[in-house]
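Welcome! Take a look at the structure first, then work through them in order.

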Amino acid sequence: MTAQTTPDTARRGPTTREPTRGERWIRRTPLLPGLLFVIAMTQIPFLFTVYYSFQDSNLLRPDSGSFAGISNYGRVLGDPLFRNAVANTVVLTVGAVVLSLALGLALAVLLDRAFLGRGIVRTLLITPFLVMPVAAALLWKTSMYHPVYGLLNWALSPFGVGADWVNDFPLLSIVMVLTWQWTPFMMLIMLAGLQSQSPEVLEAARVDGARPFAVFRRITFPHLRRFVELALLLGTIYIVQTFDAIYMITQGGPGQTSTNLPYFIYLQAFRAFDVGEAAAAGVIVVAATLVVAMFALRVVSSLFEEES
Amino acid sequence: MLIRTTRRGLPVVAAATGLALLATACAGAGGGGSDGERVVTVATVANPQMDDIQALADEFNASNPGITVEFVVLPENQLRDRVTQDIATQSGQYDVVTVGTYEVPIWAENGWIISLDEYGSDPDYDIDDIIPTVRSALSYEDQMYGAPFYGESSLLMYREDLFEEAGLEMPEAPTWEEVAGFAEELDDPDGGVSGICLRGVPGWGELLAPLNTVILTHGGQWYDEDWNAHLDSPEVEEAVRTYVDLVSEYGQPGAPNAGFTECLTTMAQGDAAMFYDSTVAAGNLEDPDSSSVVGDIGYAPAPVSRTEHAGWLWAWALSIPTTSTDPEAAWEFVSWATSREYHRLVGERLGWERVPPGARVSTYDIPEYQEAAEAFAGPTYDAIDNVDVEQPGMHPQPWTGVQYVAIPEFQDLGTRVSQEISAAIAGQQSVEEALRKSQAYAEETALSGGYRD
């Protein structure tokens with residue numbers, strides 16, 4: 001894989017001497033305000049969350065607020081609605097990530113060729129990613145999924161298909177919105193990967209008589225490995241947190257069929273005002289996301305390694 | 001990278017804590033400054049009546065030169081979230097908060113808002129002019145804690161032209177059985193007209209509002225006097241089945257996602273023959289700018305079964321939190337916005353059909369208002385006046401209020417129950433199953449809330 005090994009020139013710095021401790025800190029100084037800001041804005045709320053997760057705290061009961069030990073965690077883990085939310089989150093995330101990655105890869109392969117109006121097509125394809133999530137969700141709810149006025153039913157009516165999408169297939173409806181929204185993101189990452197391929201290698205392969213599919217499978221796909229990993233990781237992290245689409249389109253329903261973890265936490269925090277349990281659920285989600293993300297990354301990584 | 005980004009997995013909790021911190025930092029900011037200027041910060045709900053109040057705030061400033069009013073306008077759900085946090089954490093950001101009949105008794109019990117009886121005893125304010133049912137819904141232990149800005153009940157709105165065409169006649173006090181018959185007769189999916197439009201979207205303030213009036217009139221109840229849950233009783237099941245069957249067979253398409261706004265649009269576009277909802281909807285249906293059925297709508301009282309009346313009662317009221325640094329200035333604003341003079345002012349400056357309904361008896365005696373709201377003023381007033389907030393159903397209940405249980409836990413309990421019923425409307429589970437789960441939630445809430453052991 002010569003294409004992706006770092007060229008030697010990049011290592012040749014202006015000086016070969018290791019900077020001293022003091023020099024390193026001088027270099028870092030301009031970054032410190034930003035670093036402190038990030039720590040203040042992300043870590044302090046998190047510490048508060050951890051603190052509240054051990055408190056019996058309900059805003060609506062002024063007498064609550066005592067130390068609760070791990071009982072909040074016990075209640076959250078024992079709550080069938082929480083487990084249901086976990087299952088829904090997994091389905092939503094896996095569905096949306098896999099679909100948008102597949103679509104993104106397909107579109108990126110198309111966009112990687114030169115054709116008339118490529119710039120316009122690329123811009124149009126990116127647009128869904130630029131629409132505000134709430135606006136996109138509302139648009140899908142009213143103009144795509146509406147059982148009477150919806151475009152989806154109108155487009156499918158010649159084939160005899162017509163459904164009340166949001167109620168008959170709530171999770172699928174959300175997955176479709178998320179896929180629509182995240183495909184451009186995946187496409188951009190894949191496109192970056194495709195365009196960083198060395199043309200010489202591809203040309204050599206063709207000269208050697210490899211067919212396009214063989215070129216894609218043997219050269220392009222292994223090359224894209226890191227990009228796929230990155231796209232999977234980022235996509236998963238963002239899509240796990242989906243809230244807008246659920247809040248706007250299904251409100252977690254019908255029943256609990258489309259309640260995911262962020263929406264569950266929202267209900268705990270702002271309907272029940274049970275800060276303790278909501279915080280505990282939040283901490284569990286962070287811990288689980290970390291574990292799953294690391295584990296999944298390793299698995300995906302080793303799969304690809306075997307492949308190439 | 002991994003760690004930084006996943007932290008966003010808790011946006012809500014982080015935001016809540018952050019907001020609480022921020023709010024604490026701003027404590028006292030709503031109070032008067034040192035230069036003698038008094039500032040009243042008003043948290044209010046984003047709806048047309050509240051827009052009007054902002055448009056007219058200059059009149060208040062003219063008569064109260066020392067007081068500046070600042071408005072914080074939020075959608076209903078966010079208002080509830082923000083104000084609850086603000087008051088529960090005692091941060092004192094607001095001097096006046098807009099709250100509903102559900103919150104007032106709970107917050108009064110918690111000592112979060114002040115009694116307005118002493119201020120209201122001023123003869124100029126004429127506290128006895130407030131519609132009695134609304135006043136008692138906004139009271140706790142016989143003291144008024146919220147000054148009503150406007151009030152609403154529920155009505156059955158129906159298309160007189162479609163009824164006439166089909167040779168049907170709406171009785172003066174329709175029953176749910178009759179309504180079901182009309183819905184069956186008038187339902188015409190091919191013609192794009194549903195028999196009836198009813199809320200189906202989860203939420204204690206959405207689906208549960210109309211449904212609870214159906215439960216109450218069928219003789220059902222959420223809790224008895226000893227806080228035993230009764231959501232699995234035959235009466236509740238009969239009521240819920242009536243509602244669910246009606247909306248899933250003859251209701252609007254996409255019913256499990258339709259709330260007040262969606263139903264109002266459906267009705268205003270002429271796509272439904274009947275609509276059981278808030279009296280406030282009447283004003284919109286009679287407005288040519290937003291409705292294509294102006295003049296075709298008839299108004300009947302909320303359908304009943306075993307009780308004489310079945311309407312709900314809701315009012316948006318202005319309350320003063322105990323954390324307000326300048327309650328006198330806050331009262332100046334509250335009394336102005338809920339006075340007889342304010343109603344006249346709205347009528348004269350903005351138009352008589354925009355006068356806030358359901359707050360003061362005297363409003364209904366104004367000839368200009370009677371004329372402008374001819375179609376619905378009478379039915380609205382009667383609906384509000386007929387509500388019994390102490391015992392709306394057939395059984396005594398240990399709280400005051402109609403379409404909700406006035407305990408803090410109800411927001412959560414009601415949301416869960418409404419999700420189950422909504423799933424039944426969507427056909428994902430049976431009514432029995434939905435009610436079995438709901439009963440379990442209700443029992444659990446009575447225990448965890450400490451209402452019974």
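**Exercise 1.** Find which residues of chain A the UniProt annotation "transmembrane region" covers, then describe the spans 171-194 and 278-300.

*Solution.* Start with the record: the unreviewed UniProt entry places "transmembrane region" at residues 31-54, 85-111, 123-140, 171-194, 227-249 and 278-300 of chain A. UniProt positions are given in the numbering used here, feature names are shortened, and annotations may be inferred rather than shown by experiment. This is a predicted model, where local features need pLDDT of at least 70, side-chain atom pairs count only at pLDDT 80 or more, and totals for chains, interfaces and linings use all residues. Residues are numbered from 1 along each chain as its sequence is written, while chains are lettered from A and ligands numbered from 1 in the order in which they are written.

Next, take residues 171-194 of chain A: this span is 100% helix and 0% strand, with its end C-alpha atoms 32 Å apart. Finally, residues 278-300 of chain A are 100% helix and 0% strand, and their end C-alpha atoms lie 32 Å apart. Helices (H or I, at least four residues) and strands (E, at least two) are DSSP runs, numbered from the N terminus.

**Exercise 2.** Work out how many helices and strands chain A has, and what share of its residues is buried.

*Solution.* Count the elements: chain A has 14 helices and two strands. Then turn to burial: of the 308 residues in chain A, 34% are buried (20 or more other C-beta atoms within 10 Å of the residue's own; exposed means 12 or fewer, partly exposed in between; C-beta atoms are placed from the backbone).

**Exercise 3.** Describe the side of chain A that touches chain B.

*Solution.* First, the contacts: 43 residues of chain A meet 38 residues of chain B (C-beta atoms, placed from the backbone, within 7 Å). Second, the contributors: helices 2 (32-53), 8 (165-168), 11 (212-240), 13 (261-270) and 14 (275-307) of chain A each supply at least two residues to this side. Helix 14 of chain A gives the most, with nine residues. Third, the make-up: 27 residues of this side are nonpolar, 13 polar and three charged. Here Ala, Val, Leu, Ile, Met, Phe, Trp, Tyr, Cys and Pro count as nonpolar, Asp, Glu, Lys and Arg as charged, and the others, Gly among them, as polar.

**Exercise 4.** Identify the buried residues of helix 18 of chain B.

*Solution.* Look along residues 377-385 of chain B: the buried ones are B:Ala377, B:Pro379, B:Thr380, B:Tyr381, B:Ala383 and B:Ile384. Their cover includes strand 6 (147-152) of chain B, whose six residues out of six are buried.

Terms used. Contact = placed C-beta atoms within 7 Å.
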